[in-house]
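Please keep the sequence and the model in view while reading.

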Amino acid sequence: MTIDPKINPVVAALPGGGWMAEYKEEDGSVQAYPLIGWLVLADGEMLPRDAWGEGDAHDPREVGNFVRVYHPDAEGSA
């Protein structure tokens with residue numbers, strides 16, 4: 001997602017808080033990595049941010065093998 005600061009600017013950044021991004025690998029396995037943070041937009045939308053080894057932060061939902069964003073403490077509680 002491209003953030004347009006004229007329409008809906010980022011107003012805050014929050015730490016990842018234990019949230020994880022899960023990806024399905026080519027071999028069928030699933031790997032989870034911690035979110036580094038959340039961007040909060042003026043309209044209240046929160047965008048997850050993940051980081052790869054290169055140090056680039058991105059929205060994990062934009063990656064082709066993305067599965068989900070979840071918090072381990074919420075697993076199994078519905």
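Two strands are said to pair if DSSP finds at least two bridges between them. The model under discussion is a predicted one. With that term in place, strand β5, which covers residues 46–51, can be described as pairing with β6 in the antiparallel sense over two bridges. One point of this pairing can be named, for the bridge partner of Ala51 is Ala57 in β6. The two strands form a hairpin with five residues between them, and in the turn Gly55 has a positive phi of about 90°.

On its other pairing, β5 meets β4, again in the antiparallel sense, over four bridges. Here Val40 stands opposite Met46 in β5. These strands also form a hairpin, with four residues between them, and Gly44 in the turn has a positive phi of about 95°. As a general principle, strands of a sheet pair through backbone hydrogen bonds, either parallel or antiparallel.

The pairings can now be placed in a wider arrangement. An open sheet of four strands runs in the order β1-β4-β5-β6, with antiparallel pairing. Which strands stand at the edges? They are β1 (10–15) and β6 (57–58); each has a single partner strand, and therefore one side of each is left without a neighbour in the sheet.

The side chains come next, beginning with the aromatic rings. The structure holds three aromatic pairs. One of them joins Trp19 and Trp38 in an edge-to-face arrangement, with 5.6 Å from centre to centre and 85° between the planes. Trp19 lies in the loop between β1 and β2 (20–24), while Trp38 belongs to strand β4 (residues 37–41), so the pair ties together parts that are 19 residues apart in sequence. Trp19 is partly exposed, with a relative accessible area of 33%, whereas Trp38 is buried, with a relative accessible area of 12%.

Another edge-to-face pair is formed by Tyr23 and Phe66, at 6.3 Å centre to centre and with 75° between the planes. Because Tyr23 lies in strand β2 and Phe66 in strand β7, this pair ties together parts that are 43 residues apart in sequence. Tyr23 is buried, since its relative accessible area is 3%; Phe66, at 22% relative accessibility, counts as partly exposed. Together with Tyr33, these two residues form one aromatic cluster.

Charged side chains provide a further set of links. In general, side chains of opposite charge can pair when their charged atoms come close. The structure holds three salt bridges. In one of them, Arg68 is joined to Glu22, and the closest N and O atoms are 3.0 Å apart. This pair links distant parts of the chain, with Arg68 in strand β7 and Glu22 in strand β2, 46 residues apart. Glu22 is buried, at a relative accessible area of 12%, while Arg68 is partly exposed, at 30%. Arg68 also lies over the face of Tyr70, at 4.1 Å from the ring centre.

Another salt bridge connects Arg49 with Asp59, where the closest N and O atoms are 4.0 Å apart. Arg49 lies in strand β5 and Asp59 in the loop between β6 and β7, so the pair ties together parts that are ten residues apart in sequence. How is Asp59 classed, buried or exposed? At 3% relative accessibility, Asp59 counts as buried. Arg49 likewise counts as buried, at 12% relative accessibility. Asp59 also meets the side chain of Arg61 in a salt bridge of 2.6 Å, N to O. Arg61, at 40% relative accessibility, counts as partly exposed.

The last stop is His71, which is placed in the segment after β7 (66–70). Why does His71 count as buried? The reason is its relative accessibility of 16%, since buried means under 20% relative accessible area. The side chain of His71 reaches the backbone oxygen of Gly17 at 2.9 Å. Apart from its neighbours within four places in sequence, His71 is in contact with Gly17, Gly18 and Trp19.

Terms used
Residues are numbered from 1 along each chain as its sequence is written. This is a predicted model: local features need pLDDT of at least 70, side-chain atom pairs count only at pLDDT 80 or more; totals for chains, interfaces and linings use all residues. Side-chain values use heavy atoms; hydrogens and water are left out. Buried means under 20% relative accessible area, exposed over 50%, partly exposed in between (1.4 Å probe, protein chains only). A polar contact is a pair of N or O atoms within 3.5 Å; within protein, one must be able to donate a hydrogen and the other to accept it, and residues adjacent in sequence count only if both atoms are side-chain atoms. Contact means heavy atoms within 4.5 Å. Rings of Phe, Tyr and Trp (its six-membered ring) pair if their centres lie within 6.5 Å; planes under 30 degrees apart count as stacked, over 60 as edge-to-face and the rest as tilted. A charge sits over a ring if NZ of Lys or CZ of Arg is within 6 Å of the ring centre and within 35 degrees of the ring normal.
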